[in-house]
Amino acid sequence: MSDHLQLAQTLELLIDTDNLDAEKWLNFPEYGFRQYFLWKNAETGASIALLEYAKGGRIPIKHTHASNQFMYCLKGDYEYTDVGLRLRPGSFYMNPKDHPHGPTIAHEASVLIEIYDGPHYHEKPVYHSDETISGFLSTNTDSK
């Protein structure tokens, strides 16, 4: 039985990150980053995503999340500037629900894995559009 056929018969998910669908990236050009969701749970708002930041890419404001946020740095140098925390390859970061954090800056091109154990936000932050926030508010309602 081929690997492809075996995967079709299970609930497991396997994604080759070297061959991601270019159309599925969410781009934030004004802020120098993009996001690719590897997995999302529509019922809970939980997700796992890749974040790619260009050198100088950033989150411009202090903000909070409606669930716990976890990040793992694969590449680069990414800083939470208000407290001086720097994620470098191999660094793990955890930010508890409702804890204010940010702004951030990528001191060099950076790649992070970001995990939320529930919905991302209580309300849409300035760096999101109606399209990019879809399904990630704590009320789990989309802005349309």
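Tutor: Let's start with pLDDT, the predictor's confidence in each residue, from 0 to 100. This is a predicted model, so local features need pLDDT of at least 70, side-chain atom pairs count only at pLDDT 80 or more, and totals for chains, interfaces and linings use all residues. Residues are numbered from 1 along each chain as its sequence is written, and side-chain values use heavy atoms, with hydrogens and water left out.

Student: What is the mean pLDDT of the protein, and what share of residues reach 70 or more?

Tutor: The mean is 88, and 87% of the residues get to 70 or more. Over residues 140-144, though, pLDDT stays under 50. The model has 8 contacts (heavy atoms within 4.5 Å) beyond four places in sequence for that stretch.

Student: What makes E52 and R34 a salt bridge?

Tutor: The term asks for a side-chain nitrogen of Lys or Arg within 4 Å of a carboxyl oxygen of Asp or Glu. The closest N and O atoms of E52 and R34 are 2.8 Å apart, so the pair qualifies. E52 lies in strand β3 (residues 47-53) and R34 in strand β2 (residues 33-40), so the bridge ties together parts 18 residues apart in sequence. Strands here are DSSP runs of E, at least two residues, numbered from the N terminus.

Student: Why is E52 called partly exposed?

Tutor: Buried means under 20% relative accessible area, exposed means over 50%, and partly exposed is in between (1.4 Å probe, protein chains only). E52 has 26%, so it falls in the middle class. R34, at 29%, is partly exposed too.

Student: How do you know that K62 and D82 meet in a salt bridge?

Tutor: Their N to O distance is 2.5 Å, so the pair meets the cut-off. K62 sits in the loop between β4 (58-59) and β5 (69-80), and D82 in the loop between β5 and β6 (85-87), so parts 20 residues apart in sequence are tied together. K62 is partly exposed at 47%, and D82 is partly exposed at 33%.

Student: Why does the R88 and D77 pair count as a salt bridge?

Tutor: The closest N and O atoms are 3.7 Å apart, so this pair passes as well. R88 is in the loop between β6 and β7 (92-95), while D77 is in strand β5, 11 residues away.

Student: Is D77 buried or exposed?

Tutor: D77 has 7% relative accessibility, so it counts as buried.

Student: Which residues are linked with D77 in a network of salt bridges?

Tutor: R86 and R88. A search of the whole structure turns up 4 salt bridges.

How values were computed: Helices (H or I, at least four residues) and strands (E, at least two) are DSSP runs, numbered from the N terminus.
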